[in-house]
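Q: I am new to this structure and would like a close look at a single part. Please take me through the disulfides carefully.

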Amino acid sequence: MILRWTLSLLLLFDGRTQAVDPSQCIAPLGMENGGIKDADITASSSFDSGNVGPQHGRVRTDKNGGAWCPQKQATTEPEDWIQIDLKTVHMITATETQGRFGNGQGIEYAEAYMIEYWRPRLQKWIRYHNAKGEEVIEGNINPYLGAKRQLDPPLWASKIRLYPYSHHKRTVCMRVELYGCRWTDGIVSYSMPQGDKRGPNWEFFDLGYDGVWEGPELRHGLGQLIDGKFGHDDFKTDQYEGQTWVGWKNESRHRPVEIRFEFDRVREFSGVHIYCNNQFTKEVQVFAQAKVLFSVGGKRFNKGEPISFEYMEDRIFESARNISIKLHHRVGKYVKLQLFFASKWILISEVSFEAVVAHGNFTPEPEVATTTHVRVASDHGHKIEIPAPSSINDPVIVLIVIGIIAVLLLLGLIMFLIYRFKRRKFLRSPNSSNLGFPNGTLPPHLQNNDSIFRMQKSKNGAQEKEHIEAYGVTDINNCDDYWRKSHGGGSVKSSLRSTLPLPHPEENTYQEPYQAMQFAQYYSSSPIIMEMTNYSSTSLDKPHSNCDNYDYDIPEGNSVPVAFPSLDKAGIHTNSSKSGQRVSLRSTTCGDMEAEMLAPGITRDLQRNFRNSLMLAE
């Protein structure tokens with residue numbers, strides 16, 4: 001007993017919504033037992049309010065006159081009604097009526113009646129009709145037996161009216177009871193596209209929908225998707241047992257089906273259940289994908305990431321099934337379902353949610369701001385306000401920005417590659433007039449040496465250093481000119497030369513060829529440094545000079561052709577370079593260019609004999 005009471009209390013205070021089962025929603029709502037107060041029972045008129053007023057219109061209750069009797073007689077165009085106020089929205093599944101017994105003296109009853117109902121979301125009275133579209137409900141056949149009629153589909157209302165109806169003019173009296181239960185699902189309304197036709201005989205419409213039907217859209221109402229009735233495996237059975245499926249055709253819309261649910265309060269959702277048909281041999285399948293979006297204010301559903309669910313296709317069993325999607329305790333007052341087609345048709349019978357009322361302060365999402373452009377008419381000065389959206393769709397902006405950035409990066413990469421190509425081509429040419437050396441790659445004797453830089457004036461008049469040159473062209477007229485040029489004086493004519501000064505030894509001593517290899521990294525190929533011995537004034541008719549003479553290796557490559565004249569005096573011809581040899585230039589006397597064939601294994605004696613031969617020739 002204690003356990004039973006505990007479970008009852010937990011169910012009472014849990015607040016979790018479950019789908020209402022119409023077969024269990026059959027309890028009387030309080031007309032007979034007095035649960036509905038007299039003040040909540042009203043009527044358009046009464047023949048005698050004291051004896052047959054609306055407060056006496058309760059089934060199986062015989063007080064005073066014994067029933068409610070309207071002042072006017074019933075016709076096919078009823079005007080009088082009895083109204084019952086339930087205070088909150090209830091799901092009403094059946095009604096029961098009786099005539100006036102009046103201690104055996106009453107003979108009045110209503111052979112038929114019509115129903116109208118009202119709820120806050122509708123804000124108007126709606127005439128009820130059953131699944132077949134019939135509005136007139138069969139009533140009593142005598143004044144004392146009750147007649148209970150099931151409502152298919154059920155209706156959702158907080159107020160309900162019953163209109164006595166008669167095919168011929170007659171006096172009527174009524175006693176009433178309502179059956180159903182309180183609507184705890186919290187769904188106030190849902191909006192969606194109306195279903196489509198399938199051939200001339202099939203209409204997958206939501207026939208029980210009580211909202212507004214605007215073109216192809218249904219708005220602000222309730223209908224078959226929440227009536228608790230599940231469809232059959234074969235949708236053709238509906239032709240005989242009543243419509244239970246609502247369906248949409250892919251060819252008529254080419255976009256997902258959207259169903260938007262509105263709830264009475266902000267709720268925390270843990271799951272949604274969608275009952276679908278999977279008769280794939282008839283081109284009907286469960287949706288391929290479903291997305292669930294949430295909103296507090298109902299205007300914007302993009303605050304958080306939608307919950308996405310993908311269904312694995314089943315082409316083996318054709319039975320209808322319930323698809324459950326976990327909603328991970330997302331919060332909102334509005335929920336939007338997007339169902340994507342897997343085949344030609346989607347058929348849905350029921351949608352139900354698992355949710356609890358969320359506690360806390362929740363603010364609606366801000367609406368998209370709009371600006372108004374004011375245009376003033378030139379004649380009358382009337383202002384015309386034209387609303388215009390202030391923002392464009394965010395994904396479009398993102399795509400545009402990404403495209404612009406990609407184009408800029410591509411252009412920058414192309415320009416960088418062009419610059420690198422030209423730079424490498426420039427550096428590869430040994431005759432370039434400005435072949436600079438990278439920072440930190442000069443030998444120690446050239447670090448911070450201003451003599452290897454050329455000073456020139458900048459635009460503002462200041463002296464600036466020009467980049468170092470690795471090679472230049474100079475025509476040397478005499479050794480003294482070369483000496484003055486090397487030490488910062490005079491001008492020198494053009495001839496192939498190196499502008500990179502080498503360390504000058506104090507004494508003119510011979511250097512082995514391998515010693516010159518230490519400077520190879522500053523040239524395009526290895527040089528051999530040779531120093532000529534001082535010419536004596538007796539052997540030469542030219543003034544003595546202490547200038548150092550350097551031999552430089554000509555860089556390899558086809559970009560700098562150099563012609564070398566043959567030396568007839570020495571009997572040595574240098575018109576070609578043989579394999580394994582290198583050609584070097586040396587300035588020995590004023591205005592003369594001599595070529596020397598240097599083999600890798602040349603000895604010191606051979607070099608000395610070669611120099612003596614040159615001296616004798618002169």
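Q: Is the link of Cys25 and Cys181 left-handed or right-handed about the S-S bond?

A: The link of Cys25 and Cys181 is left-handed, with -110 degrees about the S-S bond. Before going further, please note that this is a predicted model, in which local features need pLDDT of at least 70 and side-chain atom pairs count only at pLDDT 80 or more, while totals for chains, interfaces and linings use all residues. Residues are numbered from 1 along each chain as its sequence is written, and side-chain values use heavy atoms, with hydrogens and water left out.

The sulfur atoms of Cys25 and Cys181 are 1.9 Å apart, and a disulfide here is a pair of cysteine sulfur atoms within 2.5 Å. Cys25 lies in the loop between helix H1 (2-14) and strand E1 (27-28), whereas Cys181 belongs to strand E8 (residues 175-182), so the pair ties together parts that are 156 residues apart in sequence. Helices (H or I, at least four residues) and strands (E, at least two) are DSSP runs, numbered from the N terminus. Both Cys25 and Cys181 are buried, that is, under 20% relative accessible area, where exposed is over 50% and partly exposed is in between (1.4 Å probe, protein chains only).

A search of the whole structure finds two disulfides. Cys69 and Cys173 also form a disulfide, with sulfur atoms 1.8 Å apart, and because the torsion about their S-S bond is about 110 degrees, this disulfide is right-handed. Cys69 and Cys173 are buried too. Counting bonded cysteines along the chain, the disulfides follow the pattern 1-4, 2-3.
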